[in-house]
Amino acid sequence: MTTPLRLGIAGLGTVGTGVVKIVQRQAALLEKRSGRAVTISAISARSRDKDRGIRLGDYAWEDDPVALAKRDDVDVFVELMGGSDGPAKAATEAALGAGKDVVTANKAMLAHHGQSLANLAEDNGRVLRFEAAVAGGIPVIKALTEGLAGNEITRVMGVMNGTCNYILTRMENAGLPYDDVFAEADALGYLEADPKLDVGGIDAGHKLCLLASIAFGTNVDFDNVQLEGIEKIETTDIEQAADMGFRIKLLGVAQMTPRGLEQRMSPCLVPANSPLGQLEGGTNMVVLEGDSVEQIVLRGPGAGEGPTASAVMADVIDIARGTRLSTFGQPAATLSAAPPSATSIPAPYYIRLQLHDKPGALAKVATALGEAAVSIDRMRQYGHDEPTAPVLIVTHKTTQEALDQALAAMAETDVVEGSPVAIRVEAV
Ligand code: HSE
């Protein structure tokens, strides 16, 4: 008779509760698929008495997650506490050091310490898996490490923060300003405890750098993700973009360029009729491109109890089956240190500026663009706010450097009020 795979679960928030429910509700299915029973030995969470609507009486309780991680009756430590450092990291390290496999949903911890934790796992002959850390229920880690293993990955893109996509699509559909929709999202409980993680692009940036590591065989490099959040997006940009056939998304893009690894998480215009452009509400989408497969699109829930627990269980079942994959798709010691590259692939840009409505003003803006070798594709002046007028320009393909040079030159003129908004148009 095969022995059961025994879990120790640290963290009983939304995801931990969902994992316990699956283990209890799907015991027979898990056993059939894994070839062995999957059981829970022990639990650790902040509050022992909180009513979570699940039976916990059969499991041992540990107040200290590090003690849980080291228990003799735990084979797999399931880390669902969150936080890049502190107890999550200490318990993960303790588990690996004690010879346990680890499954985690903790993108922040892996973005900051993924390399050292993957090294530690391999030094101890253990696996460290994290399907639930990226895009919730979408099996994107499996898609990259297994389904597309025969491809040279050329580009990874994704809308991987449901809260931001909810805010942007709600601003568009209801015509509401950012602050109102942010307050709505807060009331609905969509925002992280620190909202900057969502709207500042940090949470999605964590996810992007993990995908980039697998896709390009490089060290996890969160520090070199170019991050820009959605806080400055105005309803007028969303409306103008829509009028030209685009939608604004907080889009992550990672690609290997001749200059190095480019990783950016920033608002972009994408064609409204593309799969990314059609993504509504809190849903996530990841687009993977490889030399043989061309392009695949994965869409699904990026957060929530069931979807995220589903992803945790996929890793647990792999371990139960004896499938032992490297954390980032190849041995951690073989991941390379790619030089980071700023945005280098040319693209069109959307520019919105407040222009003084007087003779020669537009000529000065056109000169600033022309002298930076930025060519205008489309332009409109679409309203009138005395004494300035909003002007919208879409450029032909240009580099970020040329655009920055043009914006700096515009700032030197006496005809542009405030800072222009500039958003890249991404070919998807
Ligand atoms: N806050 C994230 C989101 C989910 O809104 O998608 C957790 O990463």
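**Note on the predicted model: a pocket between domains and its salt bridges**

1. Strand S17 gives the most to the lining of the second largest pocket, with six residues. Strands here are DSSP runs of E with at least two residues, helices are runs of H or I with at least four, and both are numbered from the N terminus. A pocket is an open set of points on a 1 Å grid over the protein atoms alone, where a 1.4 Å probe fits, with protein on both sides within 12 Å along at least five of seven lines; lining residues have an atom within 4 Å of a point.

2. This is a predicted model: local features need pLDDT of at least 70 and side-chain atom pairs pLDDT 80 or more, while totals for chains, interfaces and linings use all residues. Residues are numbered from 1 along each chain as its sequence is written, and side-chain values use heavy atoms, without hydrogens and water.

3. The lining of the second largest pocket comprises 25 residues, with Glu228, Ser266, Pro267, Ala422 and Ile423 nearest its centre. Elements giving two or more residues include strand S10 (260-271) and helix H14 (400-412). Domain 2 (140-301) and domain 3 (349-425) both contribute to the lining, so this pocket lies between them; the domain bounds come from an automatic or database assignment.

4. A search of the whole structure finds 27 salt bridges, each a side-chain nitrogen of Lys or Arg within 4 Å of a carboxyl oxygen of Asp or Glu. Arg155, Glu262, Arg264, Glu289, Arg424 and Glu426 are linked in a network of such bridges.

5. Arg324 forms a salt bridge with Asp101, with the closest N and O atoms 2.6 Å apart. The partners are 223 residues apart, Arg324 being in the loop between H12 (305-321) and S13 (340-341) and Asp101 in S5 (residues 101-104). Asp101 is buried at 4% relative accessibility, whereas Arg324 is partly exposed at 41%. Buried means under 20% relative accessible area, exposed over 50%, and partly exposed in between (1.4 Å probe, protein chains only).

6. Asp243 and Arg380 also meet in a salt bridge, at 2.9 Å from N to O. Asp243 lies in helix H11 and Arg380 in strand S15 (residues 376-381), so the pair ties together parts 137 residues apart in sequence. Asp243 is exposed, at 53%, and Arg380 is partly exposed, at 27%.

7. Thr257 lies in strand S9 (residues 246-257) and is buried, with a relative accessible area of 7%. Beyond residues up to four places away in sequence, Thr257 touches Glu262, Ser341, Ser344 and Ile345, a contact being heavy atoms within 4.5 Å.
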